[in-house]
Amino acid sequence: MSLTPRVRRTYLYAVGRRKCATARVRIYKKGDPLFLVNEQDVTVFFSEESLQSLVFSPLEKASLKDQLRITVKVAGGGKRGQAESVRHGLSRALLKWDKELRPALKKAGFLRRDPRVKERKKYGLKRARRAPQWAKR
């Protein structure tokens, strides 16, 4: 018999990534509907409409927009990469919430981790592929 107390999680957890941004998403099973990103309201953290639509798109596909208590901790990258990482993590967490959402989320492309990242600068070049200008004389 173990002496360690058994802890029941009251949330579903998933990680989303895009470029250098990482989002840790929690969907709570109980509580008032709420959406916090880095302890701020989602509309405050992502002030642009285009970024808000990115973040809310998995919830709109699942018809759960104002029904869940969600907290997200996101770090690294820029605002766009962070928004896309939140979308990825939220989609993965929603999949744990309800397996029936998989076809809709997969068709929309929300479950795929976008592998594109910035290419490193190479020695002897000005940027990743830009070579110095060549002059004949």
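**A first look at the model**

Q82 is buried, with a relative accessible area of 9%; buried means under 20%, exposed over 50% and partly exposed in between, using a 1.4 Å probe and protein chains only. This is a predicted model, where local features need pLDDT of at least 70, side-chain atom pairs count only at pLDDT 80 or more, and totals for chains, interfaces and linings use all residues. Residues are numbered from 1 along each chain as its sequence is written, and side-chain values use heavy atoms, leaving out hydrogens and water.

**Around Q82**
- Q82 sits in helix 3, which covers residues 79-97.
- Leaving aside residues up to four places away in sequence, Q82 touches A21, F45, F46, V74, A75, G76 and G77 (contact means heavy atoms within 4.5 Å).

**Fold and overall form**
- The protein has 4 helices and 5 strands, taken as DSSP runs numbered from the N terminus (helices are H or I, at least four residues; strands are E, at least two).
- Starting at the N terminus, the order is β-β-β-β-α-α-β-α-α.
- The radius of gyration is 20 Å, well over the 14 Å that the globule rule gives for 137 residues, so the protein is more spread out than a compact globule. That radius is taken over C-alpha atoms, and the rule is 2.2 Å times the number of residues to the power 0.38.
- Along its principal axes, the C-alpha trace spans about 80 × 45 × 30 Å.

**Burial and contacts**
- Of the 137 residues, 36% count as buried.
- Among contacts with a separation of 6 or more, 64% link residues 24 or more positions apart.
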